[in-house]
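Okay, thanks for making time, everyone. I'd like to walk you through one model today, so let me put it up on the screen.

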Amino acid sequence: MSTTATRQEIEQRVFQALEEFGAEPDQIGPDAEFEAMDVDSLDLVELAQIVEDDYGVQLKGEDMEGITTVRQAVDLVVSKLP
Amino acid sequence: MNGRPEGSALVTGASRGIGAAIAGALANDGWPVGVNYRQDSEGAEAVVKQITDAGGRAIALQGDVSDPETADQLFKRLEDELGPVLVLVNNAGVRADGLSPQIDDEDWQKVIDTNLSAAFRLTRRALRPMIRARYGRVVNIASIVGQRANPGQANYAASKAGLVALTKTVAAEVAKRGVTVNAVAPGLIETEMTEGIGGNLLEHVPARRAGTPEEVAECVRFLASDGATYVTGVCLTVDGGLTA
């Protein structure tokens, strides 16, 4: 678990996860939209698990409401870093 | 073990009856098993001994699944000792029978808590690591009583019917991650829970006998196996034809 993860590290981790979920590498980017990459709610549940395991950030269901882009997801994680 | 990831199985209510048989069957298939029990430590230790004597691995895990804290505790202990939990069998169940006008709130709630809510909490806890592992097997032990009326068991029936609905919904949610979720619905099985139930019931069973815990366990073993990878969201009835 990183003690002070940078925004860039988190963004890279999110990109890596998206690729694991089957998103096309050329679609992944800082402003990519989840729906356009076929990333669905189960993928986001898994992303929340990854974020918890790697950064100690707990994302609840209500936190994830309205998160539709990579930028929003990364901002959310950064805002909750311990 | 056929290329499946390293992991363990948790069977709740496994100190006797169907749960004990399930623990044995999974151990025979190579799963290290967490044998959960609430009070019957002797029974649980006997199940563990039977498994380890046969060359398998098992540990006894005390915990009352109706307590919301228990899920995390059981998983943590099993993960530490035998590895990530890839098979969860929600078998722990209680009865508190009575005709509806006479079932009090306590008897209603404890049956719902143990038979249904506990299964939900344990499943919730199991899913996130299973999703990450891209492999998981959840098997919920339901009952034919959840499908056909049996006067005197409104609470039990509601909990078991609810368990089947939970099974199907969760199955659809996680299928794309290689996690299957199924139910097994036993009919009349020879265990302590059915001792004292009227002999007339057997006349209605086409097979003319009660089933054995091993016959139920075999269904669970199949659903937990690699062979059942494409089976999810089903309720496998094992009742000698009673509800046919």
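So, β5(B), helix α5 (residues 154-174) of chain B and β6(B) form a right-handed β-α-β unit. Right-handed here means that, with the strands pointing away from you, the path from the first strand over the helix to the second runs clockwise. Helices (H or I, at least four residues) and strands (E, at least two) are DSSP runs, numbered from the N terminus.

Quick caveat: this is a predicted model, where local features need pLDDT of at least 70, side-chain atom pairs count only at pLDDT 80 or more, and totals for chains, interfaces and linings use all residues. Residues are numbered from 1 along each chain as its sequence is written, with chains lettered from A and ligands numbered from 1 in the order in which they are written.

Back to the strands. β5 (residues 136-141) of chain B pairs with β6(B) in the parallel sense, over 6 bridges; pairing takes at least two DSSP bridges between the strands. One bridge joins B:Ile141 to B:Val184 in β6(B). β6(B) also pairs with β7 (residues 235-238) of chain B, parallel again, over 4 bridges, and there B:Ala183 has B:Cys235 as its bridge partner.

How many of the residues of β6 (residues 179-186) in chain B are buried? 8 of 8, where buried means 20 or more other C-beta atoms within 10 Å of a residue's own, with C-beta atoms placed from the backbone (12 or fewer is exposed, in between is partly exposed). In a regular strand the side chains alternate between the two faces of the sheet. Here both faces are covered: B:Val179, B:Val181, B:Ala183 and B:Ala185 on one side, B:Thr180, B:Asn182, B:Val184 and B:Pro186 on the other.

Now chain A. It has 4 helices and 0 strands. With 82 residues, a compact globule would have a radius of gyration near 12 Å, and chain A agrees at 12 Å; that's over C-alpha atoms, and the rule is 2.2 Å times the number of residues to the power 0.38. Buried residues are 23% of the chain.

Look at α4 (residues 70-79) of chain A, where A:Val70, A:Ala73, A:Val74 and A:Val77 are buried. Down the axis of α4(A), they fall within an arc of 95°, so they line one face of the helix; the arc is that of the directions from the helix axis to the C-beta atoms. Their cover includes α1 (7-20) and α2 (41-55) of chain A.

Notes:
Contact = placed C-beta atoms within 7 Å.
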